[in-house]
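These entries record what I looked up, in the order in which I looked. I began with the core and ended with the charged pairs.

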Amino acid sequence: MAFPHRDSVQRAVDLLVVLLVPAPDPAVVARVLREHGEPEPALSPEDVAELRAAALELREVFAARDVASAASVLNALFAAYAGPPRLSDHEDGYGWHLHADAADDGPWGAWLVTSSALGLAALLAERQDVPGGLCASPSCGKPFAHTGGGSPRRYCSPRCATRERVAAHRAARR
């Protein structure tokens, strides 16, 4: 069965990657939003700062060591940000989908937290495991989602995994 919230989880990961840097570039953040279906987002420096603050809070879900910790973080985010669930099509035929933020034109930070938390919570419930992690490479630390089957991942990409295997191999040969 295909995971129905996969898009929102991947959007969260992609946004966290560009937002969890010291000074996120508004053009890069807007590009990621467009790539995930947001029509021409106009982001002010305040919007980007708000999105970055939300990303820092969401990072804690990916940093959770176990499923109970991840669930606790998600529940705290829902308590702080979410309102009653509602269906929206944004009045423009976008397609009906679930929202837990206050309004379609609400703050960017609340939207990022609630939409991401919904997807991450659904993934946690479906898999009965942590919904993601942070790359184990000391030089990386980027978030990634556990959306597929198989063994739990430790690295955000095959590139990071290979770099760490090569470094361990070289260290063992010394």
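**Entry 1. The model.** I note at the outset that this is a predicted model.

**Entry 2. The nonpolar core.** I looked up the largest nonpolar core and found that it has 32 residues. Those with the most contacts inside it are Leu15, Leu19, Val29, Leu43 and Leu112. I then listed the elements that give two or more residues to this core: helix H1 (6-19), helix H2 (26-35), helix H3 (45-63), helix H4 (67-81) and helix H5 (108-127). H5 gives the most, with eight residues. As background, I recorded that in soluble globular proteins nonpolar side chains tend to be buried together.

**Entry 3. Leucine 112.** Which residues are in contact with leucine 112, once its neighbours within four places in sequence are left aside? I found Leu15, Leu19, Leu51, Ala54, Ala55 and Leu58.

**Entry 4. Alanine 70.** I located alanine 70 in helix H4. Is alanine 70 buried or exposed? Its relative accessibility is 0%, so alanine 70 counts as buried. Apart from neighbours within four places in sequence, alanine 70 is in contact with Val61, Ala64, Leu124, Val130 and Pro131.

**Entry 5. Histidine 146.** I found histidine 146 in the loop between strand S4 (143-145) and H6. Histidine 146 counts as buried because its relative accessibility is 7%, and the cut-off for buried is under 20%. Leaving aside neighbours within four places in sequence, I listed its contacts as Leu123, Arg127, Val130, Pro131, Gly132, Gly133, Pro152 and Arg153.

**Entry 6. Helix H6.** Helix H6 covers residues 158-173, which is 16 residues. From its first C-alpha to its last it reaches 22 Å, close to the 22 Å expected at 1.5 Å a residue. Which residues of H6 are buried? I found Cys160, Ala161 and Glu164. These three cover an arc of only 100° around the axis, and therefore lie on the same side of H6. On the other side of H6, I found Pro158, Arg159, Arg165, Arg170 and Arg173 exposed.

**Entry 7. Salt bridges.** How many salt bridges does a search of the whole structure find? The search finds three.

- I looked up glutamate 35 and arginine 31, whose side chains meet in a salt bridge at 2.9 Å, N to O. Both lie in helix H2, four residues apart, about one turn of the helix. Glutamate 35 is exposed, at 53% relative accessible area, and arginine 31 is partly exposed, at 37%.
- Glutamate 60 forms a salt bridge with arginine 59, with the closest N and O atoms 4.0 Å apart. Glutamate 60 counts as partly exposed at 40% relative accessibility, as does arginine 59 at 29%.
- Aspartate 101 forms a salt bridge with arginine 86, and here the closest N and O atoms are 3.0 Å apart. This pair links distant parts of the chain, 15 residues apart: aspartate 101 is in the loop between strand S2 (97-99) and H5, and arginine 86 is in strand S1 (residues 86-88). Aspartate 101 counts as buried, at 4% relative accessibility, whereas arginine 86 is partly exposed, with a relative accessible area of 22%.

Methods:
Residues numbered from 1 in each chain as written. Predicted model: local features only at pLDDT ≥ 70, side-chain atom pairs only at ≥ 80, totals over all residues. Heavy atoms only, no water. Core = buried A, V, L, I, M, F, W, Y, C linked by side-chain atoms within 4.5 Å. Buried < 20%, exposed > 50% of the residue type's maximum accessible area, 1.4 Å probe, protein only. Contact = heavy atoms within 4.5 Å. Expected span 1.5 Å × (residues − 1). Arc of directions from axis to C-beta.
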